[in-house]
Every structure is written in C-alpha cells, then in structure tokens.
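Here is a briefing on a few local features of one model. Please look at the structure, then read the points below.

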Amino acid sequence: MKPPRYYSLDVFRGATVALMILVNNPGTWSAMFAPLKHADWHGCTPTDFVFPFFLFAVGNAMAFVIPRFKQQPPTEFWKKVIKRTILIFLIGLFINWFPFFKWENNEIIFKAWQDSPESGIRIMGVLQRIAIAYFFASVIAFYFKEKMVLWITGFILVGYWLITKFLGGIDPYSIEGFIGTSIDTQILGLAHIYKGESIPFDPEGLYSTINAVPQVLLGYLVGMFIHKQGNVKWLNKALPETQQPNYRLVAGLFVLGTIALIIGYFWQLEFPYNKKIWSSSYVVHTTGLSLITIATMIWFIEILNFKNGVMKFFDVFGKNPLFIFAFSGLFPRLLGLIRIENGLNEDGQMKYISPLGWFYETICAKIPGIPEVGSFVYSLIFLGFFWALAYWLDQKKIYIKV
C-alpha cells in the first residue's frame, strides 16, 4: 500500500531552504541579530540548525525513493544516484567559480582556477557537502535494512569522534588542532579551501563531511518511520489499532526527539556542539530538534488541519529547493560585476559598489534604528524576491529537478 503523503514534510523542506537564503544574505555581515549569526566556534545558535535540517530533509526525501529503487535492478539505482551526485557537486563548484570574471585594477579579468599556492577557487561548499552526503547515505540505505542503517549511523558518529579526539592536535576540538584542517589542506590544497577563518579552514571540508552522512541517514530513518506511521516492530511494540496512526506517529517522534536531545546534551560535555567541525553531538542535537519540529508540524498541519498562507509561503520553496538555493547564490555574484560609483576613498580614488550593495546602502541602511534592523530588512526583501520566483515557477508548474 502506498504510504501516506505528509504535507508537513513539504513545508519543513521549504522552510529550511527559505531560512538558508535568509541567513546567507544579510545587508551587511557586520550588523546581524544574534540568532542569525553562526556560533564563533563551540555552541549552537538558531542559524546553526538550518543546514543540518536541510540534510535531514534530504534523508526524508530518500525515504520516498529508496523503497522504489529496491524493486528495480541495481543499475537503475546507481545511474540515478551517481548522476545526481555529480550534478549537485558541479553546481556547487560552478557557484564558487561564477561569474568566472572579476574586477582588478579597474579591469575585468578571468578568475583563474589557481592564482597562487595560497589563492584559488574553493572546491567544497554547501551543495558539495549535500552531494557527497547524499551519495554515501543513498548507498547505505539501498544495500542495508533499516536496523543495520541505524547501527552504521552510530558507528560513523562514534568513529568520527574517536578519530577527531585521538588523532588531532593537543586541543583536537580547536580550529588549529582539528584533524580535518590538515586533511583538507593536504587533499584539496591550500589554494582551494575557505579563507574566512583565523587560519585556512573549510567549514564544509571533506573530513567533516563524513559526519554529514549520518545526518542524512537519520533523516532517512525518520522518513521511513513516518511512512510506517510510527509502527516499527524492532523499535517498539505495535500499539492497539484503535489508536489513530497520526497520534501514535507524533508521540513517537516527540519521544525519539527527546531521546536524541538527551544523548546530544551528554555527548557535548566531551565533544562540544560545533557546526564548523560538524561534531557528533551537534548531529544528534540537531536531529532531535528536527524530530520535534516535524512532530509539531504534523500535529498542527495533519491533525489540526492548520493550513494557511504561512504554510503556503514555505511550501513553494520546497517545490524547486536546489534550483532556488543555487540561484540565490548565483544572483549576487552576477550583479557583482556591475559597478556603481560610490564616492572617493582617502587617496582620492573612485570607490564602487554593486547594485545590491547600493540598494542596501541607499534604502535599507537608512531605516531608523540600530544597523541590524536595516540589514535584516534587506534579508527579508532578498528572500521575498526569491519567494516570488519560486511562486511563479509553482504557478507555471515548472519544477526543475536535480
């Protein structure tokens, strides 16, 4: 029998895309409300929930397709997964390199793959991490039963922790002592990793992407749990059939979410919550929050039938999630080639600003109040633009599959 379709999962997926666009595009990085900032190192802010929520949603979506793949020859599975993995990874790399030209000394020059041993195009990124995590999670989910997938997930989380702890530096959980820093530098090359931290360090590096795989697998397992409406014999005894499935499902999700939060809390006492190294406690903690968030959505949307404009707002982002997210990264880079004169610097030379920068400085930054208000308004307007695009695509029934 075909599993029930939960509108809650569509809203959850769309909300994560919307929040990723919102937090990635402030008017200025120097003026942001605290909840919209990532933790400097250890810790977990509301913004740090967004990316793992999206990976969790990727796993949820896998729960729809993996059972169908298991009914087909393995070649069909491999063709689909390899194609999708390569495509998502290349789109991420394309965004990093785009628009292939840059202004330098008042001239537009080509952005070389590598300018020097220390400077070049970044290889990894959000979409690249999604691609790699999706690939390995799909393979594990396809070849193993759910109970074994759970054991593999636990093995990866514990193994990552032990390797990080015992093979790192004197302070293995610091940016300098984190083993992933040296691994990424050796494999990717110093020129091709992120330079926005105190030292060259990639927050979406290859090594820390290992722990993104369990995030997707946990999303897959929860997706299967939802499809079975909470009735998983090896996890708990089947409740009486007289109870409504949705109530059983919500209760199960809340219990599992609470257990995950408790495990994550005690684990972080040794291995702190840390998005930038994607610590195991962070994976378990954000999975627990994902479970409780989905349970709450199912309660209001499916049981109480609470469907309004807010739900529709997020839903349309989930119709073309990867396309909308990718375009939100390409759009500012493309407009960055357009320069608007913006006065003179201290040396009497002309300064330039991009159209989006001009919009922020001319309109948003002049909103009365603290600078964070104008920066946040800019983020909302930017998000509104991409919502309009997503809504138009939905109305035209245009769905760009990746």
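Thr296 has 30% relative accessibility, so Thr296 counts as partly exposed (buried is under 20% relative accessible area, exposed over 50%, partly exposed in between, with a 1.4 Å probe and protein chains only). The model is predicted: local features need pLDDT of at least 70, side-chain atom pairs count only at pLDDT 80 or more, and totals for chains, interfaces and linings use all residues. Residues are numbered from 1 along each chain as its sequence is written, and side-chain values use heavy atoms, with hydrogens and water left out.

**Thr296**
- Thr296 sits in helix α10 (residues 280-303); helices are DSSP runs of H or I with at least four residues, numbered from the N terminus.
- Thr296 and Leu157 are 139 residues apart along the chain, and 27 Å separates their C-alpha atoms.

**Packing of α1 and α14**
- Helix α1 (residues 7-24) packs with helix α14 (residues 371-395) at about 135 degrees, with the axes 8 Å apart.
- The pair is therefore oblique, the class left after under 35 degrees (roughly parallel), over 145 (roughly antiparallel) and 65 to 115 (roughly perpendicular).
- From α1, the contact (heavy atoms within 4.5 Å) uses Ala18, Ile21 and Leu22.
- From α14, Phe376, Ser379, Leu380, Phe382, Leu383 and Phe386 take part.

**Helix α12**
- Helix α12 (residues 321-335) has 15 residues.
- From first C-alpha to last, α12 reaches 22 Å, close to the 21 Å expected at 1.5 Å a residue (1.5 Å times one less than the number of residues).
- Buried residues of α12 include Pro321, Leu322, Ile324 and Phe325.

Methods
Axes are lines fitted to C-alpha atoms, for helices over the stretch in contact, and angles run from 0 to 180 degrees between N-to-C directions. Helices (H or I, at least four residues) and strands (E, at least two) are DSSP runs, numbered from the N terminus.
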